[in-house]
Amino acid sequence: MTMDRNEMTRHAQLAAEALMADVSGARAVLVATPDGFDLAHAGALPLDASRLAAMVSSMAALGDAASREAAIGQPHCMVVDSSAGRLVMRSVQWRGEPMVVVLLADTSALLGMVLNALNGVERSMGTA
Amino acid sequence: MTAATTVRRRLSVLAQSVNVQDMLKVEVFLRLAQGRLRCDWQVSTTGEAHLLLLGGDEPTTIPGLLDDPVSQLQLVDGPGDGQQVLTRPLQYDAFVDALLAVEDKLLPKSPSATGRQPWSTGSFRLSRWPSAGLLQPHRYGVRLATFLSVRPVTLDELARLCNVDSAECARFVDAMGHAGLLSLAARVAPQSRGVPAAAGAPGERSVAPAADAGLVSRLRRTLGISNKGST
Amino acid sequence: MKDPKIVFTGTPGAGKTTAIAALSDTPPVTTDVRNTDPSLAKSHTTVGLDFGQVDLGDGQVVRLFGTPGQLRFEFMWQILAADALALVILIDNSRPDPLSDLVDYLEAYQTLLPSMNAVIGVGRTLECPLPTLDEFSDIVGERGLVVPVLAVDARERDDVLMLLDVVLAQVEARVDLGVEATQE
């Protein structure tokens, strides 16, 4: 990796905590590497961060493969809309290093607000 | 099903001009193979040898070697010709098969009381997968072993399922039997379910989806895999 | 009838993607990303699945799936192996503890293996002759299973076809058992 892992983790943690504070209805935020390692997480929702990191990396990779197959360009976000909440994930780049940011929200969270907040993650990590 | 040998005979392998690395392997292989061999093998430096292992081209000059060894093997680099050669890097299966061949020459086989093998008339299946060395002499060994790994069969069924000559099946089954790899099975009444029952414990749920013979033959044809086995 | 699938699983670098590419009619779909695990000597690694297919020419295809190799993706192993026609487990004998690697897969698939058509292919046995194929068979046998164990090079198409030959023979053996059942 070209970036110091500790520095990357620190910025990822700050971004996770900022998302938790900014998004009404957010229950947890997870930041993962594209190959499935947990970099940072925030929120009170109990979760197995290592396992979820692996899962979302698989999902992100599959979304990327499906987008390529359908020739619709690079995927921005993926949404899993479930009966008791949503999982919304976005691939971001920070100083050239790719990451997957995942926000878990309850049903009160507005999807548009969540997507907007995730869109701003790259900016917030850059200025942290 | 293993041959009844109550006393394990001591046999020896004598090495000449074998390098240190290969000798270390020989010692490790002898330890690992104890369960497969019918005799207790040891490495010796002089005297009686049942297997002479040559690492170089020099003539044999082993002190005290008066009798011809039962077998002699040459370690060579690169592809070798014939059954008296082992190629480097020394492979476990090939070495153990050479030891088993010596044992076959020295030890009597143990036929059943009727003079026929127990598997001649009954159903049987493999109790474990055979070594590469046991499979290699049989042209359709992998295919035959594969069928025997799934379910108990009779010799006739095996020949029919595998599309292999009966005599060849019998030779293979004999070899597996003498190696102690066969378990005789009571004929299991096939389960009348929609999905074929697995050859495991009765009542065990079959999770492999039902597949018709047509699918398999079409896939074989598409990929160019003969149904008589490729090994 | 649902298109059948064959799943290739096994350790990272054992040749799963290569094996699928050797069989697939079309270039396989891959989900490789840059590897950040320093213990894995690869620049990229599969994190989703590999996908290929063999067209049987009558509207039916056989789908080929490759799983990620690392243990943290074990959930994908389960998802992909569900309803599979056959399972090919590829082991790299040059890794530090190949027998332990095999145990990971035997445990992950312990409910499926007793009745699953399966084969174990061990690669790099020429450069790394130990552990021996016998030792792999012993590990399998200790679990009351009889699964074919073969030395293979996933880069050689003939070796990959040999693995397919073995699992197809198992399918044939079970199909025949089912024919007997319907005739009883």
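This briefing walks through a predicted complex, chain by chain. Residues are numbered from 1 along each chain as its sequence is written, while chains are lettered from A and ligands numbered from 1 in the order in which they are written. Because the model is predicted, local features need pLDDT of at least 70 and side-chain atom pairs count only at pLDDT 80 or more, whereas totals for chains, interfaces and linings use all residues.

**Confidence**

- The predictor puts the complex at an ipTM of 0.89 and a pTM of 0.75.
- Chain A has a mean pLDDT of 91, with 95% of its residues at 70 or more; pLDDT is the predictor's confidence in each residue, from 0 to 100.
- Within chain A, helix α4 (residues 121–127) is where confidence is lowest, at a mean of 72, and strand β1 (residues 26–32) is where it is highest, at 97.
- Chain C also comes with a mean pLDDT of 91, and 96% of its residues reach 70 or more.

- Strands β1(A) and β2(A) pair in the antiparallel sense over 4 bridges; two strands pair if DSSP finds at least two bridges between them.
- Strand β2 (residues 38–42) of chain A is mostly covered, with 5 of its 5 residues buried. A residue is buried if 20 or more other C-beta atoms lie within 10 Å of its own, exposed if 12 or fewer, and partly exposed in between, with C-beta atoms placed from the backbone.

- Chain B has 7 helices and 7 strands, and from the N terminus on its elements go β-α-β-β-β-β-α-β-α-α-α-α-β-α.
- Of the 231 residues in chain B, 34% are buried.
- Among chain B contacts between residues at least 6 apart in sequence, 62% join residues at least 24 apart.
- An open sheet of 5 strands runs in the order β2-β1-β3-β4-β5 (chain B), and the pairing is parallel.
- β2 (40–44) and β5 (85–88) of chain B are at the edges with a single partner strand each, so one side of each has no neighbour in the sheet.
- From one strand to the next, the twist of this sheet averages 25 degrees. Axes are lines fitted to C-alpha atoms, for helices over the stretch in contact, and angles run from 0 to 180 degrees between N-to-C directions.
- Inside the sheet, β1 (residues 10–16) and β3 (residues 51–54) of chain B run parallel, joined by 4 bridges; Ala15(B) is opposite Leu53(B) in β3(B).
- Helix α2 (residues 92–106) of chain B lies across β1, β2, β3, β4 (71–77) and β5 of chain B, at about 165 degrees to β4(B).
- Helix α4 (residues 141–150) of chain B has 10 of its 10 residues buried, so the rest of the structure largely encloses it. Among them are Arg143(B), Phe147(B) and Val150(B).

- Chain C has 5 helices and 8 strands, and 58% of its 184 residues are buried.
- Its radius of gyration is 16 Å, which agrees with the value near 16 Å for a compact globule of 184 residues. The radius is taken over C-alpha atoms, and the globule rule is 2.2 Å times the number of residues to the power 0.38.
- Along its principal axes, the C-alpha trace of chain C spans about 55 × 40 × 30 Å.
- In chain C, 6 strands make an open sheet ordered β4-β5-β1-β6-β7-β8, with mixed pairing.
- Its edge strands are β4 (50–55) and β8 (149–152) of chain C, each pairing on one side only.
- Strands β6 (residues 86–92) and β7 (residues 117–123) of chain C run parallel, with 7 bridges between them; Leu87(C) stands opposite Ala118(C) in β7(C).
- Helix α1 (residues 16–23) of chain C lies across β1 (5–10), β4, β5 (61–66) and β6 of chain C, at about 20 degrees to β4(C).

How values were computed:
Helices (H or I, at least four residues) and strands (E, at least two) are DSSP runs, numbered from the N terminus. Two residues are in contact if their C-beta atoms, placed from the backbone, lie within 7 Å.
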